[in-house]
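Open the model in a viewer and keep the sequence panel at hand.

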Amino acid sequence: MELNADVKESGSGYFRFIIQKGASQIALRRFSDWDAVGRAAATAAGLNVRKDTEFYDYIANITEKTLFDGLIMVTIILNALFMALETDYDLKYKLFGFFAIADEFFMAIYTMEFLMKVYVNPGVYWKNGYNVFDAIILVISFVPMFADGGDSSAMGTMRIVRAFRSLRVLKTVSFIRGLQALVVALFKTMKSVVYVLGLMFLLMFIFAIIGYYYFGDPNTGDPENWGDLGCALFTLFSLVTVDGWTDLQQNLDDLGMNSSRIFTIVFILIGYFIFFNMFIGVVIMEIQHATKRFENEVQSEREASLTQKKHAIIQRQKNEIRNLIQSQTGNFTKLVQQFNKSLRHTDYTVMEDLCTSMSFIDIYLTTLDHQDTTVNKLQQLYSEAVLILSDLLEEDLIEMEQKALRERKIKMRA
């Protein structure tokens, strides 16, 4: 009854009860303990909570582990290996039943993963685009199992549908954040790439019309490559990729169209060296930006994790000291002894001093590097100064010896 009164007086029920009564346990990472206490209090107060608490916690604990993601990754790799082995007709004929059982086994694992993640948090699951893509692949993979392949047309359709099983390999994108960053970068480049491809298509259209009228004559030209607009565009595509352009040019040279070399060179210079490389440059620049954003996100997450650990440690220490003070009946020495008993070797130590912060250490080490460089340059400068002074001293000594020698000669003559 006292616990229910506390929850009702707090004014926000279950969540505020967790915040107020479970701070020290949060710091100690005993989430299950304080969550169970909070749920019991909220249930007693008449709040709506999940009734399958234990099963929900069990499933959520499994899906949040790294081992679970590793198991799915191994499954995807094995599935890709089996699909590669199925392309061998003789091997597939001999082990047809084994491949069928293996495919059902992989489908069972994918289905289990889907159901577990949707059960834990359906709202978050469907908001993630990669999860939606995985669900679509799963649905497509189920089509051949329930479809009837009786006639030949249905068999052809089933072969096409079964070919889409290769999309399962793309599930790896959901587990590797680096690949996700690259996929996002590729989608962000679409706008710029469409503009570049639009300009390239206009260029190809203009040159296709010119090529059709100059080289597409059925009697004196090359109608096979330039006979109509479609053939001309396909030929220009070969030129813009610089694939087999020498053979195309040789055909025109054999027909006596030596002036076509100017046409070919100009189109390759504009289409390949400008537009095609511009297309590649846009993609590379966006990938670099995406990689930089990904690194910043990882760094921010690390800093946030360290901040949370720091606050949790400080809060735990405050709570332990507060409890010791409240329960202390003797002198201060006993208080310190009891506090020492609560310390563990695995405890983190939070240092608030400036000299222990990572930013200060980074700046300090950089300053030392600059100081070493400065000292090295000063040593070189001192060495050069010593050499110059030694040369000047040597010249002065020679001059003094010569002067003394002249004076000695004058005295001898006198």
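A residue counts as buried under 20% relative accessible area, as exposed over 50%, and as partly exposed in between (1.4 Å probe, protein chains only). This is a predicted model, in which local features need pLDDT of at least 70 and side-chain atom pairs count only at pLDDT 80 or more, while totals for chains, interfaces and linings use all residues. Residues are numbered from 1 along each chain as its sequence is written, and side-chain values use heavy atoms, with hydrogens and water left out.

**Stop 1: Thr264.** Select Thr264, which is placed in helix H17; helices (H or I, at least four residues) and strands (E, at least two) are DSSP runs, numbered from the N terminus. Thr264 is buried, at a relative accessible area of 4%. Now show its contacts (heavy atoms within 4.5 Å). Apart from neighbours within four places in sequence, Thr264 touches Leu239, Trp245 and Gln249.

**Stop 2: the rings.** Rings of Phe, Tyr and Trp (its six-membered ring) pair if their centres lie within 6.5 Å; planes under 30 degrees apart are stacked, over 60 edge-to-face, and the rest tilted. Across the whole structure, 19 aromatic pairs are found. One of them joins Tyr214 and Phe215, a tilted pair with 6.2 Å from centre to centre and 50 degrees between the planes. Colour the two by accessibility: Tyr214 is exposed at 61%, whereas Phe215 is buried at 5%.

Phe215 belongs to helix H13 (residues 190-215) and Phe263 to helix H17 (residues 260-327), so the pair ties together parts 48 residues apart in sequence. Both Phe215 and Phe263 are buried. To see the cluster linked by ring pairs, select Phe207, Tyr214, Phe215, Trp226, Phe263 and Phe267.

**Stop 3: H13 against H15.** Select H13 together with helix H15 (residues 229-240); they pack at an angle of about 120 degrees, their axes 9 Å apart. Axes are lines fitted to C-alpha atoms, for helices over the stretch in contact, and angles run from 0 to 180 degrees between N-to-C directions. How are H13 and H15 oriented to each other? They are oblique: angles under 35 degrees count as roughly parallel, over 145 as roughly antiparallel, 65 to 115 as roughly perpendicular, and the rest as oblique.

Finally, show the side chains of the contact. H13 contributes Met200, Met204, Phe205, Phe207, Ala208 and Ile209, and H15 contributes Leu229, Ala232, Leu233, Leu236, Phe237 and Val240.
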